[in-house]
Amino acid sequence: MRPITWTVAAICWLCGSIVLCGEDPSGTGGDGASAEGLVGVEALDPQYLVYQIRQMEVLAEDASLLAKPDTERHLKEKEMLRQRLDKKQGVWNEHHPRHRLLEALRGFSAYAETQQTELNRLKGLYRHVSKQQKKVLERDVKYSQKFTTIFHLLEQNQQLCSEVVRNGLDFYEIEQQELDEHIRSMKAAGRAPERVSVSQALKHFIRDWAASGANERDAAFPCILGALKKLFPTSNAADQEVKVLLPGAGVGRLGHEVAQLPGLQVTNNEWSAYQNLAYRFLTAHPHNLPNSSSIHPFIDSWSHHRTTADMFRPISFPDVPLNPQSVLLVEGDFTTAFREDEYTGSYDVVVTHFFIDTARNLMSYLDTITRVVKPGGYWINFGPLLYGSAPFVQLTLEEIVIVAEGMGFEFLDLEATMPLGGDGECRLEEVTLPGKRVYGVEAVYGFDERALTRNAYQAQFWVAKKRG
């Protein structure tokens, strides 16, 4: 790995000033101790003794970490996205892609404001506590100080949100004036900015791209990656590029993990403009470098905290570097973004991770999966069946298997390659349906690994092959 080194500062012995330092002029990536690397200091002048030099090193495997997502397929998709965002395309209403994007930008812009409204509500509830009880709380735990601390942490989170907005305006080529006009029009209409979707997007930074989110990723990722390795071993991967589609990709970690497997070309798909803004932020240099950003993600909920410090703690992300060129993001609804004839039979694998139960119409999801997977291709699924409040159909697991088989999928036996019992990387627990090759895997879900609660699903994992 080649270190890219910036020398941050040096303190002069005599003058006491801070002297900015330049890159090592030797080009050797040295340790920065040479006086030749100092700006404004004569190399041979003995009156200056540099006694402290601090460096920040970013380790990069290759220049791809510094590259922009400007490959041919990225540029093609960027142009198609630009066309979809054009106000002249379709009907201009709250469902238009540009309107939804502007709403997401407004939500990130107003993060601290909307969270402060909720904080004020909690402060109002505290007024109902008696004076004597407040005296105890203030003496022993300084309860009111929590409101002040959270207020300041919200302001810190807002700085990150504002960076997300600035990056989004740049990526989507939207002028600040247009966003300001949108904000004014929504305010005049009495519509408050979205709070929950912004909070969820920020928490997905942790779920997908922080070390503390590994407890959630470790259930699903080994099963999915293990299946892909078995289906497309390294020895065959170089023969022909395997195209993988991941709908409902969120902020994209799984897609980037898949892209590290040899010979796989990955396309992520996500409908939420909030999640997409977060992903575009992550893939913009220097935000794609390890631990380049941090967030206080748990201050918007006061429940299930072990300590106050746990509630206030910052989380750094991303825990690993991102190569912005390795994955293509296609924005939009899964059932419409891939409806063109060019997508029919164009993917070797569709991976649905915590996705199929998000459908308004599950049959439309199944229709799309069946259409885009080529004959002999595969559908890998991992996730629960937690339906929303108004889906058109709510199928049991058994019904999903029956319908998928009727659409031409054959469910594969995984026991030979991923043994039951939880000893392997993929912790298969049992066959959920007798006689059907569908497997249960416990999957923790909840964002905060230190919380005094654990949410877990009996996620369903399968690999199904489309008959030719």
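The model is predicted: local features need pLDDT of at least 70, side-chain atom pairs count only at pLDDT 80 or more, and totals for chains, interfaces and linings use all residues. Residues are numbered from 1 along each chain as its sequence is written, and side-chain values use heavy atoms, without hydrogens or water.

**Strand β5**
- All 7 of the 7 residues of β5 (residues 264-270) are buried, so the strand is largely enclosed by the rest of the structure.
- Buried means under 20% relative accessible area with a 1.4 Å probe, protein chains only.
- Strands are DSSP runs of E, at least two residues; helices are runs of H or I, at least four; both are numbered from the N terminus.
- L264, V266, N268 and E270 point one way from β5. Q265, T267 and N269 point the other way.

**Pairing**
- β4 (residues 242-247) and β5 pair in the parallel sense over 6 bridges; pairing takes at least two DSSP bridges.
- K243 stands opposite Q265 in β5.
- From β4 the chain crosses through helix α10 (residues 253-259) to β5, a right-handed β-α-β crossover (clockwise from first strand over helix to second, strands pointing away from the viewer).
- β5 also pairs with β8 (residues 327-331), parallel, over 5 bridges. E331 in β8 is the bridge partner of E270.

**Second largest pocket**
- The lining of this pocket draws at least two residues each from α1 (72-85), α5 (143-172), α11 (273-282) and β8.
- α1 gives the most, with 5 residues.

Methods: Buried < 20%, exposed > 50% of the residue type's maximum accessible area, 1.4 Å probe, protein only.
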